[in-house]
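Have the model open as you read.

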Amino acid sequence: MRGAPSPAEGRGKVRARLGGALRRARPHLLISLPILLLLVALGFGAAAWRVARDNATIAALASGKDVPVSLAAAPPVLLARVQHLARRGVAEEIEPLIEALDRKSETDRSARARYALANARLRQAFGHLERGDLDPAGPLITLARQDYRRALQGRPDLWDAKFNLDVASRLLRDFPEFDRKTGDELKAEPKKIWTEIPGQPRGEP
């Protein structure tokens with residue numbers, strides 16, 4: 001009666017089984033391997049195409065071209081669209097784009113987008129002040145302050161946002177008439193207003 005196989009015999013049987021399995025699987029591997037390599041190549045090609053497309057969109061927006069952008073676009077593209085709209089003063093189209101960035105948890109880009117929106121609103125307010133049209137300036141300044149604060153929540157080191165927040169806060173502090181709903185029309189010369197504020201919004205859009 002033969003005893004239990006030795007460890008060497010056991011390893012030999014295992015190797016023999018593996019060899020047989022590989023020989024049986026080899027034809028299938030030879031067929032599937034090129035397909036797998038093709039799928040990998042297609043994946044890399046699609047990723048490279050998306051990057052090139054996004055870069056082209058960002059460059060077009062930076063040059064001033066009005067390129068539509070889906071809310072499902074990549075975060076850098078959404079931010080570029082926000083900055084483009086902010087430069088044009090189209091503040092009402094910016095909020096959905098910022099909400100899309102928020103849903104993607106893009107804290108840094110959301111902060112930069114809020115900063116751009118705040119600048120757009122503050123520039124609009126300055127435009128009203130230059131024309132002596134004070135009634136619509138107050139709400140715009142209030143909204144700008146809110147957006148600067150939200151930008152600073154995401155980017156506490158955004159110094160330009162701090163500076164512009166101070167500008168907006170000083171405007172509301174020095175001109176409480178912005179909150180007036182009724183009463184006599186505020187009598188003030190736009191030139192005098194400009195001498196009492198630190199400056200216009202600065203930094204990128």
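Arg81 is buried, with a relative accessible area of 10% (buried means under 20% relative accessible area, exposed over 50%, partly exposed in between, using a 1.4 Å probe and protein chains only). Asp66, at 45%, is partly exposed.

The two side chains meet in a salt bridge, 2.5 Å from N to O (that is, a side-chain nitrogen of Lys or Arg within 4 Å of a carboxyl oxygen of Asp or Glu). Asp66 sits in the loop between α1 (7–62) and α2 (75–88) while Arg81 is in helix α2, so the bridge ties together parts 15 residues apart in sequence. Helices (H or I, at least four residues) and strands (E, at least two) are DSSP runs, numbered from the N terminus.

## How the model was read

This is a predicted model: local features need pLDDT of at least 70 and side-chain atom pairs count only at pLDDT 80 or more, whereas totals for chains, interfaces and linings use all residues. Residues are numbered from 1 along each chain as its sequence is written, and side-chain values use heavy atoms, leaving out hydrogens and water.

## Other bridges

Arg114 pairs with Glu95, their closest N and O atoms 3.2 Å apart. Arg114 is buried at 5%, and Glu95 is partly exposed at 23%.

Then there's Arg155 with Asp157, at 2.8 Å between the closest N and O atoms; Asp157 is partly exposed at 43%. Shared partners join Asp66, Arg81, Arg88 and Glu93 into one salt-bridge network.
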